[in-house]
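Me: I am new to this structure and would like to go through it with you slowly. Could we look at it together, one topic at a time?

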Amino acid sequence: MAYYNYNLINKMVTIIFILVLVIVDVTMVFGQGTRVGFYSSTCPRAESIVQSTVRSHFQSDPTVAPGLLRMHFHDCFVQGCDGSILISGTGTERTAPPNSNLRGFEVIDDAKQQIEAVCPGVVSCADILALAARDSVLVTKGLTWSVPTGRTDGRVSSASDTSNLPGFTESVAAQKQKFAAKGLNTQDLVTLVGGHTIGTSACQFFSYRLYNFNSTGGPDPSIDATFLSQLQALCPQNGDGSKRVALDTGSVNNFDTSYFSNLRNGRGILESDQILWTDASTKVFVQRYLGLRGFLGLRFGLEFGKSMVKMSNIEVLTGTNGEIRKVCSAFN
């Protein structure tokens with residue numbers, strides 16, 4: 001007669017169940033087919049080349065950091081993180097109005113050229129962009145995170161597909177709907193929009209808030225009065241709409257929580273930024289990032305990395321589903 005140690009069997013079953021949950025969780029976080037260190041044997045210098053390239057360009061032009069971060073966001077929200085934003089030519093995503101002010105393409109092209117010289121046909125442009133976005137945070141004094149790689153590049157890029165990008169006049173409800181459609185929750189929304197702690201906006205995208213908000217004949221009442229006069233001086237009525245203004249006043253090149261402090265003080269630049277403070281469902285996360293008394297604190301730098309990993313695995317292509325472009329601005 002066989003004897004069984006049922007306590008041991010139960011423990012083993014429990015361990016196996018936990019391992020399955022961990023595997024499922026990792027798949028959900030990193031995405032199907034992507035993993036940290038994907039190029040460790042096939043192109044071990046890939047990540048260091050991207051990082052040094054971003055750092056080099058940033059030293060001569062700090063605007064490339066927020067540019068690359070925004071570019072990655074716009075890439076992922078349209079057809080997934082497949083590098084389709086990088087394709088040049090008539091009618092491509094790159095030419096669509098929401099992408100007209102994107103910058104940093106030359107950084108990706110530079111990194112790709114260097115990588116092709118040592119590892120031809122191995123590293124995708126989609127991965128280079130994901131890595132460059134992370135390194136843009138690093139060079140602006142933010143926390144780093146591990147980027148899962150292994151994406152392949154898409155073969156489609158159409159300007160007509162950009163309508164699902166969140167807009168600067170949209171309500172929180174509309175933004176939440178667009179984020180949810182990509183598997184991102186309200187905390188992810190507040191966290192990722194917090195990337196506006198670096199970068200600038202043109203006057204044309206917010207000057208309507210300063211003079212005739214919603215056809216009221218007056219300014220947006222959520223703007224701090226002192227700040228309003230400063231913005232009106234920077235962006236006079238009927239003035240130069242292309243003039244750039246820092247999205248995070250007083251901390252434009254530092255990746256920190258100053259952006260959230262500005263929202264609390266009525267100093268958000270874009271309407272879609274400031275309403276994160278006035279809407280209860282998003283305000284709580286702003287308060288948590290600020291560490292306000294009575295709220296469970298969150299570390300913005302840490303959570304930003306987590307949300308970026310989630311976003312960077314939206315609808316990714318892997319294996320034969322895509323290609324490894326020879327040049328990032330053109331299909332093979």
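Me: How many salt bridges does the structure hold?

Reply: This is a predicted model, in which local features need pLDDT of at least 70 and side-chain atom pairs count only at pLDDT 80 or more, while totals for chains, interfaces and linings use all residues. Residues are numbered from 1 along each chain as its sequence is written, and side-chain values use heavy atoms, with hydrogens and water left out. Taking a salt bridge as a side-chain nitrogen of Lys or Arg within 4 Å of a carboxyl oxygen of Asp or Glu, the number that the structure holds is 12.

Me: Which residue forms a salt bridge with Glu47?

Reply: The closest N and O atoms of this pair are 3.3 Å apart. The pair links distant parts of the chain, 87 residues apart, with Glu47 in helix α2 (residues 46-60) and its partner in helix α5 (residues 125-139); helices here are DSSP runs of H or I with at least four residues, numbered from the N terminus. The partner of Glu47 is Arg134.

Me: Is Arg134 buried or exposed?

Reply: Buried means under 20% relative accessible area, exposed means over 50%, and partly exposed lies in between, using a 1.4 Å probe and protein chains only. Glu47, with a relative accessible area of 27%, is therefore partly exposed. Arg134 has a relative accessible area of 5%, so Arg134 is buried.

Me: Where does UniProt place the feature "binding site"?

Reply: The feature comes from an unreviewed UniProt entry, and its positions are given in the numbering used here, with feature names shortened and annotations that may be inferred rather than shown by experiment. The record places the feature at Asp75, Val78, Gly80, Asp82, Ser84 and Glu93.

Me: What is the relative accessible area of Val78?

Reply: Val78 is found in the loop between α3 and α4 (105-118). Leaving aside neighbours within four places in sequence, Val78 is in contact (heavy atoms within 4.5 Å) with Ser84, Glu93, Asp161, Thr162, Asn164 and Leu165. Val78 is buried, its relative accessible area being 1%.

Key:
Helices (H or I, at least four residues) and strands (E, at least two) are DSSP runs, numbered from the N terminus.
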